Amino acid sequence: MTTTSPVVGRARLTAPDGTQFRDLDHDGVMAPYEDPRATPEERADDLLPRLTVEEKAGLLFQDMLAVGDAAALDDAGPYGVAPAHLASRLLINHFNVHDMPAPAAAARWQNAMQDLAAATPHGIPVTFSSDPRHAVAPAESTENVGVALAPGAMSQWPEALGLSAIGDPDLVRRQGDIVRREYAAVGIRAALHPQADVASEPRWGRQAQTFGQDPEAVARYTVAAIEGLRGDGVGPGAVAATVKHFPGGGPQADGEEPHFPYGSDQVYPGARFEQHLLPFRAAIAAGVVAIMPSYGKPIGLVVDGAPVPEVAFGFNRPIITGLLRQRLGYDGVVVTDWGLVSDLHVGGLDLPARAWGMEAANPEERMLAVLDAGCDQFGGERLPGMLVDLVRSGRLSKSRLDESVRRLLLVKFRLGLFDDPYVDEQQAETVLGAPEFVAAGRRAQSESVTVLADRGPVLPLRPGTRVLAIGASAASVAAAGLIAVTDASAADVALIRLAAPFEPRNRYFLEAMFHQGTLDFPAATIERVRSIATQLPVVLAITLDRPAILTPLEPLATALVAEYGCSDAALLDALTGAIPPRGRLPFDLPRSSAAIAAARSDVPGDTADPLHHAGEALIPPV
């Protein structure tokens, strides 16, 4: 007997004992892997030997896709390949989704992709993943799609730095639960976060999504994020977290980004490797199901008395197999960061494969090295044919392939995807951006604001205060009960919003989106603030996606505040006391570039005599 669900592609059969099941292998009989009563382990062990080499190879790739029109899956999107080709021909069933339309349209597209997956030989469902996409939407020109995405219809929160500034693991857990609900409503069942890196190098451009410089705090918040994402456990309704970047991506030489050739090296002059490892130990103890290695290659690192090869961590067998799997006892999925095998050429710009230490190897050799290291899945690649050739030529054993396939299948079974991968299109519209989620995110933005100085005092800003707003909208000023003016002579106070400084770069694909290099503000910016400060009191609000050198600016400000992803409206709620700010600095603010250059990149808080220390805050009266 066949019953049909209202959602396309969810036809079910009834077994003789009355069990309803999805007939994924299209034979009319309930196979053990189709039996929802069996354990994930039993189901994976039954399915594994049924799969062809091509099906197994497809599982080992997680490619990028833009969510588009459900009726146009045969059309190549912005990534140059049709979703139908990837799912039906290459048999890939893990996708990292980027651009996303309105919730119902996104859900419709996800369901259409699951229909394609259901038509493959054994109906292996798709696992959709996402980079972080809940921070306050930045201007389009500053959104870094290489690491995080704009939230669209989802609730908006401060970056992880801001959650750390609030200092409440329960809030991190609550935010993770809201992320889980919004992700799951549009079929996203894997999160490529949290980022468990310790922010030890002030110049590094990936700090916004970290929880700051304190290893123990990073560990606490990482565990809380994992718990929020999985809900009651890794089962139906859960989102599987991927903790990154093992064994800690913070100690980048000179703070340079390992997406690019000049940032390949991770260094440990302070011998603090174990501090960077601490959050990953906590994540493993908390039952995380996926871990992503860092792009970086270790320089001069010794672990357990043995020198570590100077190759990127995704190729590094002593780190992935020796440390992660054997010493730390981790047996979950290891997915590489994106693009360890293939070079990219996009929009006239190149991005070499992040095969640091393996640059001379060809793609097949890199692929074999990743698997030999102990990784299970290739992020940002679509090369299952190459993997099939390696198996058929005998260069990769079938047993090694099966080892990774089983791990990947187990997660799909545990998430309940084999039993019901579909989502409700109308429900997606009500879950994403639900009023209570939006309110919680808005409140967290305000609470994360860190007041570092108030010499007037001028805070909180009182109703009717005349404000000259620079970098904030006049409408938000008026909405906060203040009076927006356009001339300094008519103002009681100036509100100036500035972003932390960086060096613009655009040699490589994605490079222009990363904030790297100097932490010094340009002289012109300092002079502009000075000219306003000679006329009236200044409330200076700095957006910190990494530390900034505020030494020349702080004397000019009557009040100095930091924020970590905050809308104008949420910032003004904090400055007026409508929502009292309670954030504390998640990292030191160095006094000078010379102090940064003299510090050790792997030692948190190592700059001499910082202008402000991690944990500092002046909580103003309300």
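Reply: Helices (H or I, at least four residues) and strands (E, at least two) are DSSP runs, numbered from the N terminus. Axes are lines fitted to C-alpha atoms, for helices over the stretch in contact, and angles run from 0 to 180 degrees between N-to-C directions. The model is predicted: local features need pLDDT of at least 70, side-chain atom pairs count only at pLDDT 80 or more, and totals for chains, interfaces and linings use all residues. Residues are numbered from 1 along each chain as its sequence is written, and side-chain values use heavy atoms, with hydrogens and water left out.

Me: Are the directions of α10 and α11 roughly parallel or roughly perpendicular?
Reply: Two packed helices are described by the angle between their axes and the distance between the axes. For α10 (residues 363-373) and α11 (residues 384-392), the axes come within 11 Å and cross at roughly 75 degrees. Angles under 35 degrees count as roughly parallel, over 145 as roughly antiparallel, 65 to 115 as roughly perpendicular and the rest as oblique. Therefore α10 and α11 are roughly perpendicular.

Me: How many nonpolar, polar and charged residues has the contact of α10 with α11?
Reply: Contact means heavy atoms within 4.5 Å; P363, E364, M367, L368 and L371 of α10 meet M386, L387 and L390 of α11. Ala, Val, Leu, Ile, Met, Phe, Trp, Tyr, Cys and Pro count as nonpolar, Asp, Glu, Lys and Arg as charged, and the others, Gly among them, as polar. By class, this contact has 7 nonpolar, no polar and 1 charged residues.

Me: What is the strand order of the open sheet with mixed pairing?
Reply: The edge strands here are β18 and β20 (483-485), each pairing on one side only. From one strand to the next, the twist averages 25 degrees. The 6 strands follow the order β18-β23-β22-β21-β19-β20.

Me: How many residues of β23 are buried?
Reply: Buried means under 20% relative accessible area, exposed over 50%, partly exposed in between (1.4 Å probe, protein chains only). A559, V561 and E563 on one side of β23, and L560 and A562 on the other, are all buried. For strand β23 (residues 559-563), the count is 5 of 5.

Me: Which residue in β22 is the bridge partner of A499?
Reply: Strand β21 (residues 493-499) and β22 run parallel, joined by 6 bridges. One of the pairs joins A494 to V538. The bridge partner of A499 is T543.

Me: Which residue in β21 stands opposite I470?
Reply: In β21, 6 of 7 residues are buried, and helix α17 (residues 568-576) lies across β21, β22 and β23, running at about 130 degrees to β21. Strand β19 (residues 466-470) pairs with β21 in the parallel sense over 4 bridges. Opposite I470 stands I496.

Me: Is P151 buried or exposed?
Reply: P151 is found in the loop between β6 (127-130) and α5 (160-166). Leaving aside neighbours within four places in sequence, P151 is in contact with R133, H134, A135, A137 and Q156. Because its relative accessibility is 5%, P151 counts as buried.

Me: How many disulfides are there?
Reply: C375, at 0% relative accessibility, counts as buried, as does C566 at 6%. A disulfide is a pair of cysteine sulfur atoms within 2.5 Å. By this rule, the number of disulfides is 0.

Definitions and conventions: Pairing = 2+ DSSP bridges.
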